[in-house]
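Student: I would like to go through a structure with you. Could you put the sequence and the model up first?

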Amino acid sequence: MCFRPAEVSMKKCPQCGKVNKPVAKVCEACGAELENAIKDFDADQANLDSAAKIPNAPKVPTAPKAPGAPRP
């Protein structure tokens, strides 16, 4: 189960600062238009993961196999 804090998904009005429901298109208090951009957290994480890979990094050696163990 994925849990994101309420403040991440709620929309804050740029004019009056009221916190509105995530589906709101206009502010409930002042009627100002709210930004409707959707944040893709999975894409952001994928970008961070790909940026963390170091080119030409040495491979980490694996543990030796036990004698007589079947080969994969």
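Student: How many helices and strands does the protein chain have?

Tutor: The protein chain has 2 helices and 2 strands, in the order α-β-β-α along the sequence. Helices (H or I, at least four residues) and strands (E, at least two) are DSSP runs, numbered from the N terminus. This is a predicted model, in which local features need pLDDT of at least 70 and side-chain atom pairs count only at pLDDT 80 or more, while totals for chains, interfaces and linings use all residues. Residues are numbered from 1 along each chain as its sequence is written, and side-chain values use heavy atoms, with hydrogens and water left out.

Student: What pLDDT does the protein chain average?

Tutor: The average is 76, and 69% of the residues score at least 70; pLDDT is the predictor's confidence in each residue, from 0 to 100.

Student: What share of the residues counts as buried?

Tutor: Of the 72 residues, 10% count as buried. Buried means under 20% relative accessible area, exposed over 50%, and partly exposed in between (1.4 Å probe, protein chains only).

Student: Which residues form the largest nonpolar core?

Tutor: That core has 5 residues: C13, A24, C27, A32 and L34. A nonpolar core is a set of buried Ala, Val, Leu, Ile, Met, Phe, Trp, Tyr and Cys residues joined through side-chain atoms within 4.5 Å. In soluble globular proteins, nonpolar side chains tend to be buried together.

Student: What does A32 touch?

Tutor: Not counting residues up to four places away in sequence, A32 touches C13, Q15, K25, V26 and C27. Contact here means heavy atoms within 4.5 Å.

Student: Changing topic, where does N20 lie, and is N20 buried or exposed?

Tutor: N20 lies in strand β2 (residues 19-20) and is buried, with a relative accessible area of 1%. A polar atom of the N20 side chain is 3.1 Å from the backbone oxygen of K18. Beyond the neighbours within four places in sequence, N20 is in contact with M10, K11, C13, V26, C27, E28 and L34.

Student: And the cysteines: how many disulfides does a search of the whole structure find?

Tutor: The search finds 0 disulfides, a disulfide being a pair of cysteine sulfur atoms within 2.5 Å. C13 is in no disulfide, and the nearest cysteine sulfur, that of C30, is 3.6 Å away. C27 is in no disulfide either; for C27 the nearest cysteine sulfur is that of C16, 3.5 Å away. C13 is buried, at a relative accessible area of 4%, and C27 also counts as buried, at 4% relative accessibility.

Student: Where is C30 found, and what is C30 in contact with?

Tutor: C30 is found in the loop between β2 and α2 (41-52) and counts as partly exposed, at 40% relative accessibility. Leaving aside the neighbours within four places in sequence, C30 is in contact with C13, Q15 and C16. C30 and C16 are 14 residues apart in sequence and 6.9 Å apart in space, C-alpha to C-alpha.

Methods: A polar contact is a pair of N or O atoms within 3.5 Å; within protein, one must be able to donate a hydrogen and the other to accept it, and residues adjacent in sequence count only if both atoms are side-chain atoms.
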